Amino acid sequence: AHGEGVLGKGGRGVVNHFGLDGEVDIEIGSLSKAFSVMGGFIAAKQPLIDLYMMSARQRLMSIALTVPDTAALLEAVKMLGESEELVQKLWWNVNHLRAGFTELGFDIGNSETPIIPVMLGDEDLAKAFSARLFEEGVFASPIVFPMVPRGTARVRVIVSASFSKEDCDAGLAAFAKVKAELCP
């Protein structure tokens, strides 16, 4: 779900990221992360698509993408095809934030995507941390049980290519402030 538009050359996805172009029979992707539109896709050779179209019950309840979502997606794919600048900017921001979180003493796990988990452990702390960050102008969702095992709660930072260095630094300052308040 987190690979399309961010991993691989020019955001070509997880298959490209791992050097498996032409070797994967079915690729499934989400459009709601990097592309910020509703929906997803399944890409495969025609016989597999035909089988899916005839036998996948969940397809019966699915609907087509909206016209605005389709237009936004087509433009995003076009932009990625024309330049790698946005993907490079995204990864600069990711690396800058990872370094900052590490310097602040946070456990950020080992994510290979632009989603950085700031591990806090305690569920109540993760919820309070997220709420305080929001008050400081930073949106970072608390991820708690049952989404993750008990004792592994975190706040999830979703990095964007649209962030400036100043945005990233302001976010890190908010994390430092909230940490000082809630994790003395």
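**Exercise 1. How many aromatic pairs does a search of the whole structure find?**

Solution. The model is predicted. The search of the whole structure returns six aromatic pairs. The steps below work through two that share Phe106.

*Step 1.* Take Phe106 and Phe129. Their ring centres lie 6.0 Å apart, and their planes meet at 85°. Centres within 6.5 Å make a pair, and planes over 60 degrees apart count as edge-to-face. The pair is therefore edge-to-face.

*Step 2.* Phe106 sits in the loop between helix H4 (85-103) and strand S3 (115-121), while Phe129 belongs to helix H5 (residues 123-135). The pair therefore ties together parts that are 23 residues apart in sequence.

*Step 3.* Check burial. Phe106 and Phe129 are both buried.

**Exercise 2. Classify the pair formed by Phe106 and Phe175, then state what the pair ties together.**

Solution. 

*Step 1.* Read the geometry. The distance is 5.7 Å centre to centre, with 85° between the planes. Phe106 and Phe175 are thus an edge-to-face pair.

*Step 2.* Locate the partners. Phe106 is in the loop between H4 and S3; Phe175 is in helix H6 (residues 165-182). The pair therefore links parts that are 69 residues apart in sequence.

*Step 3.* Check burial again. Phe106 and Phe175 are buried.

*Step 4.* Widen the view. Phe101, Phe106, Phe129 and Phe175 make up one aromatic cluster.

**Exercise 3. Which ring faces do Arg150 and Lys179 lie over?**

Solution. 

*Step 1.* Arg150 lies over the face of Phe145, 3.8 Å from the ring centre.

*Step 2.* Lys179 lies over the face of Phe106, 4.8 Å from the ring centre. Phe106 also belongs to the aromatic cluster of Exercise 2.

**Exercise 4. Describe the protein chain as a whole: its elements, box, contacts, surface and charges.**

Solution. 

*Step 1.* Count the elements. The protein chain has six helices and five strands. Their order along the sequence is α-β-β-α-α-α-β-α-β-β-α.

*Step 2.* Take the box. Along the principal axes, the C-alpha atoms fill roughly 60 × 35 × 30 Å.

*Step 3.* Look at contacts. Consider those between residues at least 6 apart in sequence: 55% of them join residues at least 24 apart.

*Step 4.* Turn to burial and surface. Of the 184 residues, 34% are buried.

*Step 5.* Tally the charges. There are 17 positive and 23 negative side chains. The centres of the two sets lie 3 Å apart.

How values were computed: Residues are numbered from 1 along each chain as its sequence is written. This is a predicted model: local features need pLDDT of at least 70, side-chain atom pairs count only at pLDDT 80 or more; totals for chains, interfaces and linings use all residues. Side-chain values use heavy atoms; hydrogens and water are left out. Helices (H or I, at least four residues) and strands (E, at least two) are DSSP runs, numbered from the N terminus. Buried means under 20% relative accessible area, exposed over 50%, partly exposed in between (1.4 Å probe, protein chains only). Contact means heavy atoms within 4.5 Å. Lys and Arg count as positive and Asp and Glu as negative; His and the chain ends are not counted. The place of a charge is taken as NZ of Lys, CZ of Arg, CG of Asp or CD of Glu. Rings of Phe, Tyr and Trp (its six-membered ring) pair if their centres lie within 6.5 Å; planes under 30 degrees apart count as stacked, over 60 as edge-to-face and the rest as tilted. A charge sits over a ring if NZ of Lys or CZ of Arg is within 6 Å of the ring centre and within 35 degrees of the ring normal.
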